[in-house]
Amino acid sequence: ASKILNKKPVQNVVSLNKYLINALDNLSDESSTFEKKGILYSICAEFDKNAEYVQKPSNDESILQNIFLFIEKNYCTDCELHNLARDTGYSYSYLSRYFKKITGISFNSYKNRYRINNACYLLANSNYSILQCALESGHQSVRSFNRNFKNILGITPAEYRNRLKV
């Protein structure tokens with residue numbers, strides 16, 4: 001048991017010998033429960049004998065990592081918490097409370113900060129118009145972009161770009 005405690009297999013593939021393959025092939029609806037369980041236990045033992053295990057991240061680290069990856073992949077498109085909930089199998093309200101508890105800010109606040117951070121990079125390192133920077137960073141309109149930018153940084157995107165030129 002200590003071999004697998006807080007660990008996960010690197011791969012979930014098992015190679016079965018001919019005996020186990022034949023035993024599986026010969027199972028039928030009429031096979032006894034003990035026979036079915038015996039074969040399954042033999043397959044599990046074969047897997048365990050050959051599996052390589054690595055340390056499993058804690059559940060908290062795994063959920064948070066999935067949330068950050070989701071935002072990183074989807075911030076330009078439909079980056080909504082209900083989509084993350086659907087993709088991960090967690091409830092919307094659980095993910096919302098969890099994220100706020102761990103990070104201290106809401107999912108939407110983090111998403112907006114991520115988008116504004118990306119916009120700052122574009123404003124500083126490209127010749128894109130403010131509209132292009134807004135759209136490339138996942139905002140649906142210049143109005144929402146300007147509002148979020150000013151709420152987060154205290155200045156407008158145009159002021160930010162002008163300060164970089166000085």
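This is a predicted model: local features need pLDDT of at least 70, side-chain atom pairs count only at pLDDT 80 or more; totals for chains, interfaces and linings use all residues.
Visitor: What is the nearest cysteine sulfur to that of Cys-79, and how many disulfides are counted?

Guide: A disulfide is a pair of cysteine sulfur atoms within 2.5 Å. By this rule the count is zero. The nearest cysteine sulfur to that of Cys-76 belongs to Cys-79 and is 9.3 Å away, and Cys-76 is in no disulfide. Cys-79 is likewise in no disulfide, with the sulfur of Cys-76 as its nearest, 9.3 Å away. Cys-76 counts as partly exposed, because its relative accessibility is 33%.

Visitor: What makes Phe-68 and Phe-99 an aromatic pair, and which kind of pair is it?

Guide: Rings of Phe, Tyr and Trp (its six-membered ring) pair if their centres lie within 6.5 Å; planes under 30 degrees apart count as stacked, over 60 as edge-to-face and the rest as tilted. The structure holds 10 aromatic pairs. For Phe-68 and Phe-99, the centres are 6.0 Å apart and the planes 75 degrees apart, and the pair is edge-to-face.

Visitor: Which parts does this pair of Phe-68 and Phe-99 tie together?

Guide: Phe-68 lies in helix H3 (residues 59-74) and Phe-99 in helix H5 (residues 92-103), so the pair ties together parts that are 31 residues apart in sequence. Helices (H or I, at least four residues) and strands (E, at least two) are DSSP runs, numbered from the N terminus. Phe-68 counts as partly exposed at 29% relative accessibility, whereas Phe-99 counts as buried at 0%.

Visitor: How do you know that Phe-99 and Tyr-110 form an aromatic pair, and of which kind?

Guide: Their ring centres are 5.6 Å apart and their planes form an angle of 65 degrees, which is edge-to-face. Tyr-110 lies in helix H6 (residues 107-125) and Phe-99 in helix H5, so this pair ties together parts 11 residues apart in sequence. Tyr-110 is partly exposed, with a relative accessible area of 24%. One aromatic cluster is formed by Phe-68, Tyr-75, Phe-99, Phe-107, Tyr-110 and Tyr-114.

Visitor: What makes the link between Ser-137 and His-139 a polar contact?

Guide: A polar contact is a pair of N or O atoms within 3.5 Å; within protein, one must be able to donate a hydrogen and the other to accept it, and residues adjacent in sequence count only if both atoms are side-chain atoms. The side chains of Ser-137 and His-139 are joined by such a contact of 3.3 Å. Another, of 3.4 Å, joins the side chains of His-139 and Asn-148.

Visitor: Where is Ser-137 found, and why is Ser-137 called buried?

Guide: Ser-137 is in the loop between helix H7 (130-136) and helix H8 (142-153). Ser-137 is called buried because its relative accessibility is 0%.

Note on methods:
Residues are numbered from 1 along each chain as its sequence is written. Side-chain values use heavy atoms; hydrogens and water are left out. Buried means under 20% relative accessible area, exposed over 50%, partly exposed in between (1.4 Å probe, protein chains only).
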